[in-house]
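Please have the sequence and the model open while reading.

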Amino acid sequence: MGDRHLGGGKTVYTLLFSVALALLALLSDAQGRTDRARTREETGAGPLRRVKRGWVWNQFFVLEEYTGLEPLYIGKLHSDMDLGDGSIKYILSGDGAGTTFTIDDSTGDIHAIKRLDREVKAQYMLRAQAWNRLTNRPLEPESEFIVKIQDINDNEPKFLDGPYQATIPEMSSIGTEVIRLTATDADDPTYGNSARVVYSILQGQPYFSVEPKSGIVRVSLGGMDREVRENYSVVIQAKDMGGQLGGLAGTTVVNITLSDVNDNPPMFDQKLYQMSVPESAPVGSVVGRIRAKDRDIGINAEMTYSIIDGDGRDTFDISTDPTHLFGIITIKKPLNFESKASYTLKIEGANTHLDHRFLDKGPFSHVTIVHVSVEDVDEPPEFDSAVYYMEVPENAEVGMVIKTISARDPDAANNSIRYSIDRTSDLGKYFYIDITSGSLMTVLPLDREEITWHNITILAMEMNNPNMIGSLSVAVKILDVNDNAPMLPEYFETSVCETAKAGQRVQTVAAVDPDDPLGGHHFYYSLAPEAANNPNFTLRDNQDNTAWILTRRGGWSQQDQAVYYLPIFISDGEQPVQTSTSTLTIRVCSCDGEGKVMSCNAEAYHLPASLSRGALIAILACIFVLLVMILLMLSLRSQRKKPFLHDVEDNVHENIVRYDDEGGGEEDTEAFDIAAMWNPREAHLVGKQRQDMLPEIESLSRYVPLACVGGPGRSCGGGDSNVHGYVLSKLLEADLDSCAPPYDSLQTYAYEGEGSVADSLSSLQSSCSNTDHEYDYLNNWGPRFKKLAEMYGVLETKSPPMW
């Protein structure tokens, strides 16, 4: 068996351990020989032949952390076949072979060439075999053996989660557990005391202690006050080898914080607080803040404040701010320096969260006094009433005093007041207020039917300080007076059928009145005195603010009279009584069998009631065809009457029309197309005879002789006489044609000049006379002026009655 060489300076413990290894090697050698004999029997050798075991041992032990200069000798491998002549070669394989472990192939000595650490790898599995150097063949089967790393105390205990944080309430009792610590040692806990840890406290006495075996940190001093000291730093040590001398140690820090408990009562810094506030401060304004200080923190320092006494309990209020630390004093009622200049408040501040363990340290409340002074402020004038309401009849006289407004200066100076009206509230300027007396009066007539309410603003200003202005709202209601007469709606019109009989109702009339009497409207109806005995219609008052119009006779005809005008007299029942006369227009209309109005025109065509829809369509189609034929004929006729021109280019200058002002009637010839009248008798010389000139002249020659123009000395055979005769003929033809439009076919006059028979109808030159125009002479102007005569002329003496 090979020897194990140990370096110098080994401890006694190491020597004893080497002896134990030697004993184990002897046991391994015996077991190896038995294994080799069994192997030879398995290979087929005779059972009577003795076979020696090739290996001396199959397990080695080596201490970790060897620090010598030479490779660490582990053991020696030796085969029985090795005769020492160098023919045997030893081969090593497995975990760490060649890198961690080496073998001398001639002697079989095994060495460790690297530092071994049990905490990294506790054992290595290796394989060894003996070979013949000459044949390079194995002499024996390969065998395994183990190299175990033996532990030494080379790792100190460690606190893997440090440093630690812990919190306990202040005033905790002795023995209160703070935290449990655990240290970890990487050494083998099954071998010796290398991993047996003991705890101790290095820093933190006398406040805290630690249990040696469990590592529990506990309070060792009672009554620790957070307000005195809040944080503690405790150092805990863990030592292996059971705490014996030579053991390795590790430390950690535990930061311990004391949490707050409510063990301190609140207290105000001052026994008396002085505050001031202007009297103009609105309700809800902040006067000031106070605080009862508490050495505690968090919810243990939260406060609630209340006013428990004082003459200002009804005027001021106190509340706690959102942080629950301060008391905020606010105004509860309006202040008035002239009424009361100072107030006293007794305020209490108390904790909201009490700890019953420390009630003996109380009371947990405190009281202080707050003195509030009210500062004088120049205030605007004040009115004796917040709002004024007035009623004024609409017939009130201009200048009548409605109300006297009164305002005063609330300050001690009592300055003079001046009054005015805010004109933005009285845009119509209906009212006026006296600047000194405050008398409110009317300056314009009032009309309830135009404006029922007037909402005006009265301003009161101090004389010595114009910036101090007070305002007052005044509501003026205009009371109704019966100053409007009832009447029918404007242009009230109805109709009566030609088939109506006597006593038949024509219309129900109802008057309107913009007045609004308290008892409601009461209208009375009757016919006007001038129509009281008319033979056509009568009126019946229904006594319900309506009246019926009834017929007195039958046999109505549009041809006799198409329109009737019935004057109706209406009065109301209020004082003073108002009356009016309204005219009802009644038209005579043709109606069907059911009484429905068909037409109210005298020239309307009455169709038989039994006429079918097909017949109506046929009649309308015939009318349409006739209209188309008439329009076609008129179009052809107008084309035949186009003027004949010998040479359009020669007479183009005669077609220029120029109007600078009002024309001169027949004297204005600048716009005449003279080509149409140029010697009509020459039309026979043209290749195509003019049908629109010569025949018409010849047909009119029997009515108008071609007279000479210019006196006895001139011949009538010239071209001028032909033109003159042609014009007269056309004028006569137009006068005799009742269907002709009111202008001749030669010229359209846009203006009537002074040369016209009718003279000028323009109003431009009529301002020289102040007399009314009389148009009776229009009846003498012929058929063309018939419509004008009917519109502007006097009625015939035989016209039917109006009603």
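## Strand 37 and its partners

Asp541 has Ala547 of strand 37 as its bridge partner. Strands here are DSSP E runs of at least two residues, and helices are H or I runs of at least four, numbered from the N terminus. Strand 36 and strand 37 run antiparallel, joined by five bridges. Two strands count as paired if DSSP finds at least two bridges between them.

Ala547 is also the bridge partner of Val509. Strand 34 (residues 505-510) pairs with strand 37 in the antiparallel sense, again over five bridges. Five of the six residues of strand 37 are buried, so the rest of the structure largely encloses this strand. Buried means under 20% relative accessible area, exposed over 50%, and partly exposed in between (1.4 Å probe, protein chains only).

## Basis of the model

The model is predicted: local features need pLDDT of at least 70, side-chain atom pairs count only at pLDDT 80 or more, and totals for chains, interfaces and linings use all residues. Residues are numbered from 1 along each chain as its sequence is written, and side-chain values use heavy atoms, with hydrogens and water left out.

## Positive phi

Most residues other than glycine have a negative phi, and most peptide bonds are trans. Gln543 has a positive phi near 60°. This residue belongs to the hairpin of strand 36 and strand 37, which has four residues between the strands. Gln543 is exposed, at 61% relative accessible area.

Lys429 has a positive phi too, near 55°. Lys429 sits in the loop between strand 28 (417-421) and strand 29 (431-433). With 53% relative accessibility, Lys429 is exposed.

## Cis peptide bonds

Gly162 and Pro163 are joined by a cis peptide bond, with omega about -5°. Pro163 lies in the loop between strand 8 (143-150) and strand 9 (164-169).

Another cis bond joins Gln575 and Pro576, with omega about -10°. Pro576 is in the loop between strand 38 (563-572) and strand 39 (579-591).

Which backbone oxygen does the side chain of Asn482 reach? That of Pro576, at 2.8 Å. A polar contact is a pair of N or O atoms within 3.5 Å; within protein, one must be able to donate a hydrogen and the other to accept it, and residues adjacent in sequence count only if both atoms are side-chain atoms.

Asn482 is in the loop between strand 32 (469-479) and strand 33 (492-497). Asn482 is buried, at 7% relative accessibility. Leaving out residues up to four places away in sequence, Asn482 touches residues including Asp513, Asp515, Gln575 and Pro576. Contact means heavy atoms within 4.5 Å.
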